[in-house]
Amino acid sequence: MDFLSSPFIVPVAGCAVGAVAIVSGIWFEAQQRRNKAEQRMAMIARGVPIAEIERLLGSGDEEKRVRDPLRSLGNARRTGIVLVSVGLGLILFFVALSVIVQERDVLAGSAVGIIPLAIGVGFFIDYNLQKRELSRFGLEIGAESSGAGSDR
């Protein structure tokens, strides 16, 4: 039982939990598809019309829905705002903590805030690229459409 006292047990267990969650999600989705296919085959064998089967079980095109570009644009902007705010909040927290504790080494913790800050900046870049792409198709995104209630 020496491996339980290893300092690597927590990261390895964390990665294992993540891997198990991903694999079980994929397996669950495959089981759902298999069950739906079996239900379709049983209904076809009983002579149920295709229109009735599609009405009961769906046409299978649920995954192919067209996404609203304005919703995607709003989601990118909102996510960018949250991540930049979290990053700045973490940086400010560690700066304030180093002032309060009077320990300069605590400032090293503020580097943690750079990660969400950088990802948030990436979302803002994505937002601007999506905006430019939509303007190529003639859909102008201006100040009137970037209000708080327009993208819900």
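Me: Which helix holds Ser98?
Reply: This is a predicted model. In it, the helix that runs over residues 69-101 includes Ser98. That helix is α3.

Me: Is Ser98 buried or exposed?
Reply: Ser98 has a relative accessibility of 10%. Buried means under 20%. So Ser98 counts as buried.

Me: Which residues in α3 are buried?
Reply: Ser98 is one of them. The glycines Gly74, Gly80 and Gly87 are on the list too.

Me: What is included in the cover over the buried residues of α3?
Reply: Part of the cover comes from another helix, at 114-136. That helix is α4.

Me: How many Å does α3 reach from its first C-alpha to its last?
Reply: α3 has 33 residues. At 1.5 Å a residue, 48 Å is expected. The model comes close to that, and the reach of α3 is 48 Å.

Me: Is Ile9 buried, partly exposed or exposed?
Reply: Ile9 is found in helix α1, residues 9-45. With Leu4 and Val10, Ile9 forms a nonpolar surface patch of about 270 Å² accessible area together. The relative accessible area of Ile9 is 31%. Buried is under 20% and exposed is over 50%. So Ile9 is partly exposed.

Methods
Residues numbered from 1 in each chain as written. Predicted model: local features only at pLDDT ≥ 70, side-chain atom pairs only at ≥ 80, totals over all residues. Heavy atoms only, no water. Helix = DSSP H or I, 4+ residues; strand = E, 2+ residues; numbered from the N terminus. Buried < 20%, exposed > 50% of the residue type's maximum accessible area, 1.4 Å probe, protein only. Patch = residues over 30% accessible without salt bridge, like charges linked within 9 Å, V, L, I, M, F, W, Y side chains within 5 Å. Areas by Shrake-Rupley, 256 points an atom, 1.4 Å probe, with all protein chains shown as cover. Salt bridge = Lys/Arg side-chain N within 4 Å of Asp/Glu carboxyl O. Expected span 1.5 Å × (residues − 1). Contact = heavy atoms within 4.5 Å.
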